[in-house]
Amino acid sequence: MYSILIADDETIITNGIKNLIESACPELAIKGVFNDGEALLEALKKSPPDIVITDICMPIESGMSVAEYVYKEHLSTRVIFISGYQHFEYAKQALSYHISSYVVKPFKSSQLIE
């Protein structure tokens, strides 16, 4: 079983992702759902999951900070960004942290499951 953390500053998004994963991916155990990057980062430091799904722009700490931490600490955690932003600079920076995927909001359930 793989562990996963989910973060987005919009509760409706985190709840939707949580429900989608619970129904479509029984091999994933959701270990936490957060509405800011700081709480996500603290959970990540305590017990790194296999996968993090995070928004890029969130209060206090960004998803980009989370990806940077995973990269610099050489964690095996895969980071998937979900974002309403299609800016090239975000994508370029995300690539430098070797993220696994960049999904643009609004997205179809199948895009995230892939």
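Predicted model: local features only at pLDDT ≥ 70, side-chain atom pairs only at ≥ 80, totals over all residues.

Student: Okay, helix α1: how many residues does it have, and how far does it reach?

Tutor: Helix α1 covers residues 11-24, which is 14 residues. From its first C-alpha to its last it reaches 20 Å, close to the 20 Å expected at 1.5 Å a residue.

Student: Which residues in α1 are buried?

Tutor: T14, I17, L20 and I21 are buried. They cover an arc of only 130 degrees around the axis, which puts them on the same side of α1.

Student: And what does the face turned away from that buried side carry?

Tutor: That face of α1 carries the exposed residues I12 and S23.

Student: What covers the buried residues of α1, then?

Tutor: The cover includes the strands β1 (2-7), β2 (28-34), β3 (51-55) and β4 (78-83), along with helix α5 (109-113).

Student: Switching topic: what volume does the largest pocket have?

Tutor: Its volume is about 270 Å³. The lining of the largest pocket is made up of 14 residues, and I51, I80, L112, I113 and E114 lie nearest the centre.

Student: Which element gives the most to that lining?

Tutor: That is α5, with 3 residues. β3, β5 (101-104) and α5 each supply at least two.

Student: How do the lining residues divide into nonpolar, polar and charged?

Tutor: For the largest pocket, there are 10 nonpolar, 2 polar and 2 charged residues in the lining.

Note on methods. Residues numbered from 1 in each chain as written. Heavy atoms only, no water. Helix = DSSP H or I, 4+ residues; strand = E, 2+ residues; numbered from the N terminus. Expected span 1.5 Å × (residues − 1). Buried < 20%, exposed > 50% of the residue type's maximum accessible area, 1.4 Å probe, protein only. Arc of directions from axis to C-beta. Contact = heavy atoms within 4.5 Å. 1 Å grid on protein atoms, 1.4 Å probe; cavity = no way out; pocket = protein on both sides within 12 Å on 5 of 7 lines; lining within 4 Å. Points joined across faces, edges and corners; volume = space filled by probe spheres on them. Nonpolar A, V, L, I, M, F, W, Y, C, P; charged D, E, K, R; others polar.
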